[in-house]
Amino acid sequence: MQNSKKTVVIGFVGSTLDQGKNPERWQRWRPTMSLLMHEDLIIDELVLLHDRRNAGLFEFLKKDAQQLSPHTQMISQKVNIRDAWDFSDMYGALYDFVKSYAFDTENNQYLLHITTGTHVAQICWYLLIDAHYLPAKLIQSSPTGKQQPEGEYRIIDLDLSRYAALTQRFENEKTENWQQLKANIATKNKGFNQLIQEVELVAIRSKAPILIMGATGVGKSHLAKQIYELKKEKFHLTGRFIDVNCATLVGDSTMSTLFGHSKGAFTGAVSARTGYLKSADQGILFLDEIAELGLDEQAMLLKALEDQLFFPVGSDKEVQADFQLIAGTNKDLREEVQAGRFREDLWARLNTWTFFLPNLKDRSEDLAPNIEFELQRFANVHQRQLRFHSDALQKYLDFAQSSEAIWQGNFRDLTASVTRMATLADRERIGLSEVNSEIQRLKNIWHIQPSKQSKQGFSQLTNILSLEQIAELDEFDRIQLEGVIDICRKSKSMADAGRRLFSVSREQRQSTNDSDRVKKYLAKFGLIWADIMSHV
């Protein structure tokens, strides 16, 4: 090796193989001495790490080295390693050495000697080099035969950035991860793709809670499941994916459903229950619509996240569960915190990684690949592969990307829309007929929009009528029906509602039956009094 810099080699004393005082030692391979036997390897300084017990062995090796390479300076470096097979002990000792050693990279080039012995030390050396604590290349020595005491060596540079093939491999792996998170949908939206790249890094590198915010149907549950599949593929977890919609958890059973209960904890608890948190141990717990949880459940969830411990209902024994939480919500938790409906400390715990999924109407360039994805999903389920006629696809895309298409339910609307067209198509192609019918159907579904004046009435109608029924109403009938329902719900009885609704005209009648008039009016829309009052 020809170099203007001095060559400094750092390594361990070979506590076993470097031993030997008989003349035969010169005929066998000794890891430290072998480095000094190569004519093409000039070592100016050899730094040998050893503990207190091998101080005498170092002095013996120093004398042998003078015979082999008189110009090589031998440096003793004592280190304190209690257990050479303990990673924390070994890494701590080597870290302390590296931080205290005065590296002079301007005048010296450094080689780190690895050979036979404990692999723990080698792994720790690798980690220190990779973290740039140690400005050295590796020199690896090994024996080649009984009559060749010099053995062989090779120098290894761990700077992976120099290896284009490896770099490209890592980039390809990243791309594969992104595509997996996107379910292999070739999305073109720049903002969404950047978000997915960030999600991929978090999924691989972090176990902290993840919060996914976005409107209903944007794909929160789907993304959470893809994160789980990615982490499972990378062997980052061994447990299950537990998917819970908090909006479906009702009343006193919520605590038991999430945290489990002991036998006899309450009436009807004839056996113990594990609960979702324990079921997600070593896996992922996805709590969709987390804002629907009560404050008590939020407090217990926070404790479980921070301590990995919680008490099942009715039990005085804590249960341990180590899981990663992914939470989803279509509400702004900042507003929920301000309103006192969501705990600020839980919000702070969830806010380490927060991702906002955009609405479908804000990703118009992604409609085409998602339509293709939905067709393939339909084919997988129904064993029937369909395609669009080109003119039909263009018309559907023109509408889907227009201001008329509000995609109120986001991807759920798109899934339903493609499914309807695929189901109704007579042959293997979706044509203009199916597209035209579907466009009209979507217009009808999205037609009723709550104005500032009728927002409350619109909400009341959707509770008792389907969107298709509402779409068939004239605007006059819709506004009138909203007003009637509003008065009915503010009244004590059907007769009381009738007196309010017909307060003028009833005075002009000889016989008044206010209840009967209300009943007949509601019947025009297929409604009865119980329908109205059941959603108060």
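# Exercises on a predicted model

Tyrosine 126 has its place in helix α4. The structure is a predicted model, in which local features need pLDDT of at least 70 and side-chain atom pairs count only at pLDDT 80 or more, while totals for chains, interfaces and linings use all residues. Residues are numbered from 1 along each chain as its sequence is written, and side-chain values use heavy atoms, with hydrogens and water left out. Helices (H or I, at least four residues) and strands (E, at least two) are DSSP runs, numbered from the N terminus.

## Exercise 1

Find which residues make the nonpolar surface patch, and state how tyrosine 126 is classed by accessibility.

Step 1. Buried means under 20% relative accessible area, exposed over 50%, and partly exposed in between (1.4 Å probe, protein chains only). Tyrosine 126, at 31% relative accessibility, counts as partly exposed.

Step 2. A patch is made of residues with over 30% relative accessible area and no salt bridge; like charges are joined within 9 Å, and nonpolar side chains (Val, Leu, Ile, Met, Phe, Trp, Tyr) within 5 Å. Phe87, Ile123, Tyr126 and Leu127 make a nonpolar patch of about 340 Å². Accessible areas come from the Shrake-Rupley method with a 1.4 Å probe; for residues, only the protein chains shown count as cover.

Step 3. Helix α4 (residues 119-130) supplies the largest share of this patch, 3 residues.

## Exercise 2

Describe how helix α21 is placed, naming its buried residues and what covers them.

Step 1. In helix α21 (residues 514-523), Asp514, Val518, Tyr521 and Leu522 are buried.

Step 2. Looking down the axis of α21, these residues fall within an arc of 95°, so they line one face of the helix. The arc is that of the directions from the helix axis to the C-beta atoms.

Step 3. Lys519 and Lys520 are exposed on the other side of α21.

Step 4. The cover over the buried residues of α21 includes α19 (475-489), α20 (494-501) and α22 (529-533).

## Exercise 3

Identify the largest nonpolar core and the element that gives the most to it.

Step 1. A nonpolar core is a set of buried Ala, Val, Leu, Ile, Met, Phe, Trp, Tyr and Cys residues joined through side-chain atoms within 4.5 Å. The largest one has 31 residues, and those with the most contacts inside it are Leu277, Leu285, Leu287, Ile290 and Leu301.

Step 2. Helix α10 gives the most to this core, with 4 residues.

Step 3. Contact means heavy atoms within 4.5 Å. Leaving aside neighbours within four places in sequence, leucine 287 is in contact with several residues, including Val244, Leu258, Leu301 and Ile326.

Step 4. Another core, of 26 residues, lies apart from it; among its members are Leu375, Leu386, Phe388 and Ile439.

## Exercise 4

Compare two of the salt bridges, one with lysine 303 and one with arginine 387.

Step 1. A salt bridge is a side-chain nitrogen of Lys or Arg within 4 Å of a carboxyl oxygen of Asp or Glu. The structure holds 23 of them.

Step 2. Aspartate 307 and lysine 303 are joined by a salt bridge at 3.2 Å, N to O. Both lie in helix α10, 4 residues apart, about one turn of the helix.

Step 3. Glutamate 372 and arginine 387 form a salt bridge at 3.8 Å, N to O. Glutamate 372 is in helix α13 (residues 367-382) and arginine 387 in strand β14 (residues 387-388), so the pair ties together parts that are 15 residues apart in sequence.
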